[in-house]
Amino acid sequence: MKTVLITGTTSGIGKALAEKFASERYGLILVARDEQKLRQQQVSLQNTYHVDVKYISQDLAQEDAVSRIMENIEKWKLTVEILINNAGFNECGFFVDTSFDRELEMINLHIRFVTELTKRILVHMKKSGYGRVLNVGSTGSFIPSPTDAVYSATKAYIMSFSNALCGEFRNTGIKVTTLCPGATQTEFAEKANIQNTLLFKIAVMRPEKVADIAYRKLMRGKRLIIPGMYNKLLVAFAKIMPVSITNRITIFMMK
Ligand SMILES: NC(=O)c1ccc[n+]([C@@H]2O[C@H](COP(=O)([O-])OP(=O)(O)OC[C@H]3O[C@@H](n4cnc5c(N)ncnc54)[C@H](OP(=O)(O)O)[C@@H]3O)[C@@H](O)[C@H]2O)c1
């Protein structure tokens, strides 16, 4: 049984990905902070799909997060064939008004943690010659976003980093993929208090649909996954428009 490690499985896209991989008979390592939810998820997935499910309760913005994860993997004598860096959150508002502590937490989670864990896991994947890494970006990876400046910058990092690794592992059994969802019906918008914005009123996707598309394309070794026609068009539009225009549209969409 192959093992997939997924971060941020207690809700939204990560939860749907855990369900999808369990239904495809993968063993799972679930990672998030809420231990009670993780334990419930472990029991539910084991009973429904009869696969091996382990969990690690950890705040991934903490400096020792990767060491704790690696210690557990070694203790369980597991090999991670698929790594999914999905955990993330948003802090919206004009840059002078947002909380720097939250932004630093976001940089630690989206950039420092993702970079370190990917490095540690890729070392093992390189030895075995097989692996899949899915890093979750956003349509914001393509669009510098006024009133979401730090979030979109961290998501741009994730895409740039993943694209470069994809090049390093070209013609090998290891594939690195970026998933760039647009507005998706999860707890994400409510936690960031942006659930009433125009962005979350148009073409919002279900997390199960995003997870299905991601699973299929990840296993085929695609470099980039933009789920849904609306999101594909949005990204295509953003690529040809000057920043002065996308800036104005983004502010309007985030109202
Ligand atoms: N929903 C959207 O519209 C949307 C659009 C584009 C991209 N995305 C991206 O998709 C990914 C998943 O988001 P979602 O929409 O599924 O959001 P969600 O429903 O809020 O789920 C976020 C998950 O991340 C975990 N998490 C957050 N901070 C963490 C931390 N410091 N340490 C450990 N786990 C942490 C949460 O678990 P605990 O609270 O239990 O720790 C939860 O399981 C994120 O990277 C997000 O940026 C979402």
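## Gly8 and its surroundings

Leaving aside neighbours within four places in sequence, Gly8 is in contact with Gly14, Lys15, Val31, Ala32, Asn86 and Ala87, where contact means heavy atoms within 4.5 Å. Gly8 lies in the loop between strand 1 and helix 1. Helices here are DSSP runs of H or I with at least four residues, strands are runs of E with at least two, and both are numbered from the N terminus. Gly8 has a relative accessibility of 15% and therefore counts as buried. Buried means under 20% relative accessible area, exposed over 50%, and partly exposed in between, with a 1.4 Å probe and protein chains only. The C-alpha atom of Gly8 is separated by 28 Å from that of Ala238, 230 residues apart along the chain.

## Basis of the model

This is a predicted model, in which local features need pLDDT of at least 70 and side-chain atom pairs count only at pLDDT 80 or more, while totals for chains, interfaces and linings use all residues. Residues are numbered from 1 along each chain as its sequence is written, and side-chain values use heavy atoms, with hydrogens and water left out.

Seven strands form an open sheet in the order 3-2-1-4-5-6-7, with parallel pairing. Strand 3 (53–57) and strand 7 (224–225) stand at the edges with a single partner strand each, so one side of each has no neighbour in the sheet. Two strands are taken to pair if DSSP finds at least two bridges between them.

Strand 4 (residues 82–85) has strand 1 (residues 3–7) as a parallel partner over three bridges, and Ile6 has Ile84 as its bridge partner in strand 4. Four bridges join strand 4 to strand 5, again in parallel. Val133 stands opposite Val176 in strand 6.

Six of the six residues of strand 5 are buried. Gly131, Val133 and Asn135 lie on one side of strand 5, and Arg132, Leu134 and Val136 on the other, so that both faces are covered.

## The ligand site

The ligand is surrounded by 30 residues, and the closest are Thr10, Ser11, Tyr151, Thr186 and Lys191; a residue belongs here if one of its heavy atoms lies within 4 Å of the molecule. By class, this shell has 11 nonpolar, 13 polar and six charged residues. Ala, Val, Leu, Ile, Met, Phe, Trp, Tyr, Cys and Pro count as nonpolar, Asp, Glu, Lys and Arg as charged, and the others, Gly among them, as polar.

Polar contacts are pairs of N or O atoms within 3.5 Å; within protein, one atom must be able to donate a hydrogen and the other to accept it, and residues adjacent in sequence count only if both atoms are side-chain atoms. A nitrogen atom of the ligand is 2.9 Å from an N or O atom in the side chain of Asp59. Ligand oxygen atoms lie 2.7 Å from a polar backbone atom of Asn86 and 2.8 Å from a backbone N or O atom of Thr184. Taken alone the ligand exposes 890 Å², and the protein buries 96% of that, by the Shrake-Rupley method with a 1.4 Å probe, where only the protein chains shown count as cover for residues. Helix 1 (12–23), helix 5 and helix 6 (188–191) are the elements that give two or more residues to the shell.

Ser141 lies in the loop between strand 5 (131–136) and helix 5 (149–168). Ser141 is buried, with a relative accessible area of 7%. A polar atom of the Ser141 side chain lies 2.9 Å from the backbone oxygen of Lys155. Beyond four places in sequence, Ser141 is in contact with Ser152, Lys155, Ala156, Met159 and Cys180.

Thr147 has its place in the loop between strand 5 and helix 5. Thr147 is not a glycine, yet has a positive phi of about 70 degrees. The relative accessible area of Thr147 is 14%, so this residue is buried.
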